[in-house]
Amino acid sequence: MNVYVVMGTCGEYSDRNEWPVVAFLSEERAKQRVVDAERRAKELEAEHPDYHDDIPDGANEFDLGMQTSYTGTTYYYLTVEVADAKP
């Protein structure tokens, strides 16, 4: 069994940030969240072209913990196997 973890990222090199957004049991739902979160991030970044730091916390309803930088914010998902919790 797999889970699909949506990740957000911004910045580059030593200033790169990555964070988990949400996990789904459905790969299709994870793919859709990537599309939705990235579309909304682009809208917010367009509204604040000079100062991405002015984007209010929680403004991206698809990623309440969205971070941003001069490189913008992007999303992807990881496939992670769920291991049995039994020894």
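At the start of helix α1 in this predicted model, a side-chain oxygen of Ser26 comes to within 3.3 Å of the backbone nitrogen of Glu28. Helix α1 covers residues 27–47 and packs on the sheet, where it touches β1, β2 and β3. The direction of α1 makes about 165 degrees with that of β3. The length of α1 was compared with expectation: at 1.5 Å a residue, its 21 residues should span 30 Å, and the end C-alpha atoms are 31 Å apart, which agrees.

The buried residues of α1 are Ala30, Val34, Asp36, Ala37, Arg40, Ala41, Leu44 and Glu45. These buried residues pack against β1, β2 and β3. An α-helix has 3.6 residues a turn, so residues three or four places apart point the same way. Gln32 is also placed in α1. Gln32 and Val6 are separated by 26 residues in sequence, and their C-alpha atoms are 9.9 Å apart in space.

The sheet is open and consists of three strands in the order β2-β1-β3, with antiparallel pairing. Its edge strands are β2 (17–24) and β3 (73–81), each of which pairs on one side only. From one strand to the next, the twist averages 30 degrees. Strand β1, residues 2–10, runs antiparallel to β2 and is joined to it by seven bridges. Within this pairing, Val5 has Ala23 of β2 as its bridge partner.

One aromatic pair is present in the structure. The ring centres of Tyr4 and Tyr77 are 6.2 Å apart and the ring planes stand at 70 degrees, so the pair is edge-to-face; the angle required for this class is over 60 degrees. Tyr4 belongs to strand β1 and Tyr77 to strand β3, so the pair ties together parts that are 73 residues apart in sequence. The two residues fall into separate accessibility classes: Tyr4 counts as buried at 10% relative accessibility, whereas Tyr77 counts as partly exposed at 25%.

The loop between α1 and β3 contains Thr68. Thr68 has a relative accessibility of 17% and therefore counts as buried, the limit for that class being under 20%. The side chain of Thr68 makes a polar contact of 3.1 Å with that of Glu45, which is among the buried residues of α1. A polar contact of 3.2 Å joins the side chain of Thr68 to that of Thr73; residue 73 lies in the range given for β3. When neighbours within four places in sequence are left aside, Thr68 is in contact with Cys10, Glu45, His52, Asp53, Ile55 and Thr73.

Asp50 also lies in the loop between α1 and β3. At 66% relative accessibility, Asp50 counts as exposed, whereas Thr68 counts as buried. Asp50 and Glu38 are twelve residues apart along the chain, and a distance of 19 Å separates their C-alpha atoms.

Technical notes
Residues numbered from 1 in each chain as written. Predicted model: local features only at pLDDT ≥ 70, side-chain atom pairs only at ≥ 80, totals over all residues. Heavy atoms only, no water. Pairing = 2+ DSSP bridges. Helix = DSSP H or I, 4+ residues; strand = E, 2+ residues; numbered from the N terminus. Axes fitted to C-alpha atoms, helices over the stretch in contact; angles between N-to-C directions. Contact = heavy atoms within 4.5 Å. Expected span 1.5 Å × (residues − 1). Buried < 20%, exposed > 50% of the residue type's maximum accessible area, 1.4 Å probe, protein only. Polar contact = N/O pair within 3.5 Å; in protein donor to acceptor, adjacent residues only side chain to side chain. Phe/Tyr/Trp six-rings, centres within 6.5 Å; stacked < 30°, edge-to-face > 60°.
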